Amino acid sequence: MLGSTHGTLTTDSRRARVIACGEQPGPAVHGRPADVDDLDVSGRPLYSDVPDLDRFFRPESVAVIGASDTEGRPNTGVTRQLIAWSERVGARLHPVHPSRPSVFDIPCCPSVADLPEQVDLAVLLVADPLPVIEELAEAKVKFAVVFASGFAETGGDGAAAQDRLAAAVRRSGMRLLGPNTNLNAFERFRDDLDGPAIALITQSGHQGRPVFALQQLGIRLSHWAPTGNEADLETADFISYFAERPEVGAIACYVEGLKDGRSFLLAADRAARRKVPVVAVKVGRTETGARTAASHTGKLTGADAVVDAAMRQYGVIRVDGLDELQDTATLLARARPPRAEGVVVYSISGGTGAHFADLATEAGLRLPALSEAKQAELHQWIPEYLSVANPVDNGGHPVGDWRGRKIIDAILDDPEVGVLICPVTGPFPPLSDRLVQDLVEAAERTDKLVCVVWGSPVGTEPAYREVLLGSSRVATFRTVANCITAVRAYLDHHRFVTGYRSPFDEAPRTPSPSFRKAQALIRPGEQLSEHAAKQLLRAYGIRVPREQLVTSAAAAVRAAGLVGYPVVMKASGARIAHKTELGLVKIGLTSASQVRDAYRELTDIARYEDVTLDGVLVCQMVERGVEMVVGAAHDDLFGPTVTVGLGGVLVEVLHDTAVRVPPFGEEQARDMFAELHGRALLDGVRGRPPADLDALVEVVLRVQRMVLELGDDLAELDINPLMVLPRGQGAVALDALVVCS
């Protein structure tokens, strides 16, 4: 039902409306009591604290529960790794085992109660962590890690066990990582690398390995959070924490499912405010992927279209492959903000340049033609018969001498150019060696982005291994596709965060005057008639046609005279969903006799189909406009959603829709239209005038307000068609479906 979220931040929307009227404050938000200003009108949080995870990643003291030094036992290898990690971070380690005097020559404590000091982090190497959690609570341990599996990922019984574990953690006041996690947080990170770092979050440890291996290419990693089943600490907590870390240049995530949709959006919002890019692989695009992810971590994967839209709303860059995750996160972490958005492709081959330009343009990159003056400058070093408009084809030979650097510098000096990409499909020494050296040196002197695609399948060439990978200023890729994906994400991210305004700051906190009018129209558990549904829309200022509900043919004729011919007549009842298919709509009626006949025919059909009517609607006929659909539904993960798309009888065939998760503002509402394949219809085609987009935006925002305020009372809303009239004339809801919870 609308108005509810999942996880620890759940707040009943009815209670939120009581709060808004001045009564009790809300629930705790990440351990901090929430006040009225922390909740929107639906009762969802508008704020979340950043968890203090410093002592998790850099503890002063560590307890290993179930430590072992018996060779061949799994716990022994884990204990050995934890000892080495503790030494690296400067932490005192205390093994805990009831029957061992020492482990690896370190004195062993028989129980948690016997620990010599209050520890920051306890690592549990036991099959049943619940009793130990309660002991750790008494010892006031700050953090715990549970490796054990057999919880929510296994089904109902495991989920119940995980709920008990989570409840114990909440009572204790400590924070817990896991269960069903691993040792990734305690890996050896290189400390000899400079520059902004990537912070890594994964629900599957193995899926983070490619990103962790970037250190071998000189890319700095600062943290790795393997979240597992997220009984307590979740992906959102780590995004919020990493977004505040000065050394973090980008956050890379592998997400199988989200614990709480609202928590994730608040964390993404925090990262956007601080201009920290978040790049994520989110599985669950297909039914098979979603099912597998659920069995792995026991998480909600969420309807993928909603997840996709929610990520896009808050600037999370979604990629599909782990290779894309590596390359995109690396570029975003290390590249400076763009000086311009123009992309120039520079190549030794006209074919390579043309192919790359096709792919880049198709992906949405802008390849502006260089000015005539700039082309004339380039032709000082490049033969006249070669094209240098963009792509720039140098013909090959200039890269082998002093001309190569001149060409690169001239391109980068153009104020319209923000990105220079040089695809090298295969090595051709010594020219390719000179080319990459010139590119590296040019990158060192400019604040613009220089990218190289090293297409050799070998990857052992000195030009690649020593020159390109030895530079922190050149972004090097192995595939054209990954280069284009990363550059597009780079430009999109900086465009997004420039002037970013958080929708949470402007989200409604108290009900509007429309709310009390709407409440009187709600019928719990029922579908409203079209007439009642339109009254609900009218309560929120959404325009509907002139219409009257009648119960006789004579009344229908009188109503038609008042409404004005031509008219539309429709059967109106609480359980009618598809009137057109049943023949319960008559349009274009122009006379009293037609109205009388239509009334009798509609009521006869209703009796034959056993449809209960509350009357027949006689409606104003509205013709000139674009038929759209605006609706609201409930997502199990994010709660209420608002959808807009092309409407009419083919809406279920075309599926041309865009969705957003409240709260969102006018700009996001307008962005929805740009995602529609039929967007051109709103601009006017075949001589038709442009549609009133301002009115359409207004309807979308009013629907958002309605679903936030009505919360749990509203299960589904569908305005179809919404006739968007020519510019300046508004929009009219011709039909509406409302299902109450």
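**Ground rules.** I am working with a predicted model, where local features need pLDDT of at least 70, side-chain atom pairs count only at pLDDT 80 or more, and totals for chains, interfaces and linings use all residues. Residues are numbered from 1 along each chain as its sequence is written, and side-chain values use heavy atoms, with hydrogens and water left out.

**Cores.** I looked up the nonpolar cores, meaning sets of buried Ala, Val, Leu, Ile, Met, Phe, Trp, Tyr and Cys residues joined through side-chain atoms within 4.5 Å. Buried is under 20% relative accessible area (1.4 Å probe, protein chains only). The largest core has 63 residues, and Phe-186, Phe-242 and Ile-251 have the most contacts inside it. Helix α8 (residues 261-273) gives this core its largest share, 7 residues. A separate second core of 48 residues includes Ile-542 and Val-738.

**Helix α14.** I found 7 of its 10 residues buried, among them Gly-404 and Asp-409. These buried residues pack against several elements, including β15 (342-347) and α15 (431-445).

**Strand β15.** Why is β15 largely enclosed by the rest of the structure? I see that 6 of its 6 residues are buried, so the rest of the structure largely encloses it. I also looked at pairing, which takes at least two DSSP bridges between strands. β15 runs parallel to β17, joined by 4 bridges, with Gly-342 partnering Val-417. Two strands, β15 and β16, also pair in the parallel sense over 2 bridges, and Tyr-346 has Val-392 as its partner there.

Conventions: Buried means under 20% relative accessible area, exposed over 50%, partly exposed in between (1.4 Å probe, protein chains only). Contact means heavy atoms within 4.5 Å.
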